[in-house]
Amino acid sequence: MTAARVSIQTQDFDLSTEIAALRAGDARVGAVCSFVGTVRDRNEGDAVSSMELEHYPGMTEKSIEAIIDRAVERFGIFGARVIHRIGMMQPMEQIVLVAVTSAHRGKSFEACEFIMDYLKSEAPFWKKEQTDSRARWVDARVSDEQALNRWK
């Protein structure tokens with residue numbers, strides 16, 4: 001049995017454990033690239049005390065599986081692992097992991113960025129930040145949309 005490529009979860013994750021599992025037993029792997037996103041304590045000039053992430057169960061996993069399939073086809077990567085947390089999180093907590101394996105670093109870097117650009121712009125997640133004065137829903141940034149558009 002192979003490990004899941006996509007996990008949506010409330011609990012934190014351990015980067016070393018996830019990378020070891022992704023590479024396990026695959027002697028073709030010459031490169032591993034990973035990205036870990038964390039909760040920042042500031043956004044749009046305001047202090048952020050917490051962030052809550054929601055998703056659409058079932059739809060979210062399917063959409064991320066589809067983007068991984070596209071990354072495999074486009075970049076020839078060997079494996080990928082995406083973990084995205086949901087629920088309430090505090091500044092400095094981990095939110096997301098994207099990790100990929102390939103024969104060479106270039107394809108790993110590209111595939112990791114490709115998957116992350118999709119997650120930031122199109123994956124069905126909703127993010128609400130709590131500031132000192134209010135709670136607010138956060139939309140994808142124009143820069144996130146531009147980053148995704150370069151892959152089209």
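This is a predicted model: local features need pLDDT of at least 70, side-chain atom pairs count only at pLDDT 80 or more; totals for chains, interfaces and linings use all residues.

Q: How many helices and strands are in the protein?
A: The protein has 4 helices and 9 strands. Starting at the N terminus, the elements run β-α-β-β-β-α-β-β-β-α-β-β-α.

Q: What is the radius of gyration?
A: The radius of gyration is 16 Å. The globule rule gives 15 Å for 152 residues, so the protein is as compact as a globular protein of that length.

Q: And what box do the C-alpha atoms fill?
A: Along the principal axes, that box is roughly 50 × 30 × 25 Å.

Q: What share of the residues count as buried?
A: Of the 152 residues, 44% count as buried. As for contacts between residues at least 6 apart in sequence, 76% of them join residues at least 24 apart.

Q: On to the sheet. In what order do the strands come?
A: The order is β1-β5-β7-β2. These 4 strands form an open sheet with mixed pairing.

Q: Which strands stand at the edges, and why?
A: β1 (6-9) and β2 (31-38) do. Each has a single partner strand, so one side of each is left without a neighbour in the sheet.

Q: How are neighbouring strands turned against each other?
A: By 10 degrees on average, with direction ignored.

Q: In which sense do β2 and β7 pair?
A: Antiparallel, over 8 bridges, with β7 covering residues 94-102. C33 has V100 of β7 as its bridge partner. G37 stands opposite V96, again in β7.

Q: What about β5 and β7?
A: β5 and β7 also pair in the antiparallel sense, over 6 bridges. One partner there is A99 in β7, which bridges to R81.

Q: How many residues of β7 are buried?
A: 9 of the 9. So β7 is largely enclosed by the rest of the structure.

Q: Helices next. What does α1 lie across?
A: Helix α1 (residues 15-23) lies across β2, β5 (79-85) and β7. The angle between α1 and β7 is about 25 degrees.

Q: And α2?
A: Helix α2 (residues 59-75) lies across β1 and β5. Relative to β1, α2 runs at about 150 degrees.

Q: Switching to aromatics. How many pairs?
A: The count comes to 3 aromatic pairs. In one of them, the ring centres of F75 and W151 are 5.7 Å apart, and the planes stand at 90 degrees, so that pair is edge-to-face.

Q: Which parts does that pair tie together?
A: F75 lies in helix α2, and W151 in the segment after α4 (142-149). So the pair ties together parts that are 76 residues apart in sequence.

Q: What about F114 and W151?
A: The centres of those two rings are 5.5 Å apart with planes at 90 degrees, so the pair is edge-to-face. F114 lies in helix α3 (residues 105-121), so the pair with W151 ties together parts that are 37 residues apart in sequence. Ring pairs link F75, F114 and W151 into a cluster.

Q: Are those residues buried or exposed?
A: F75 and W151 are both buried. W151 has a relative accessible area of 11%. F114 is buried too, at 2% relative accessibility.

Q: Where does the charged end of R28 sit?
A: Over the ring of F78, 3.9 Å from the ring centre.

Q: Backbone now. What is phi of E44?
A: Near 50 degrees, which is positive in a residue other than glycine. E44 lies in the loop between β3 (42-43) and β4 (46-55). At 62% relative accessibility, E44 counts as exposed.

Q: And what about M92?
A: Phi of M92 is near 85 degrees, also a positive value in a residue other than glycine. M92 belongs to the loop between β6 (87-89) and β7. Its relative accessible area is 76%, so M92 is exposed.

Q: Last one. Where is G76 found?
A: In the loop between α2 and β5. G76 is partly exposed, with 40% relative accessible area. The C-alpha atoms of G76 and A140 are separated by 28 Å, and the two residues are 64 apart along the chain.

Definitions and conventions:
Residues are numbered from 1 along each chain as its sequence is written. Side-chain values use heavy atoms; hydrogens and water are left out. Two strands pair if DSSP finds at least two bridges between them. Helices (H or I, at least four residues) and strands (E, at least two) are DSSP runs, numbered from the N terminus. Axes are lines fitted to C-alpha atoms, for helices over the stretch in contact, and angles run from 0 to 180 degrees between N-to-C directions. Contact means heavy atoms within 4.5 Å. Rings of Phe, Tyr and Trp (its six-membered ring) pair if their centres lie within 6.5 Å; planes under 30 degrees apart count as stacked, over 60 as edge-to-face and the rest as tilted. Buried means under 20% relative accessible area, exposed over 50%, partly exposed in between (1.4 Å probe, protein chains only). A charge sits over a ring if NZ of Lys or CZ of Arg is within 6 Å of the ring centre and within 35 degrees of the ring normal. The radius of gyration is taken over C-alpha atoms; the globule rule is 2.2 Å times the number of residues to the power 0.38.
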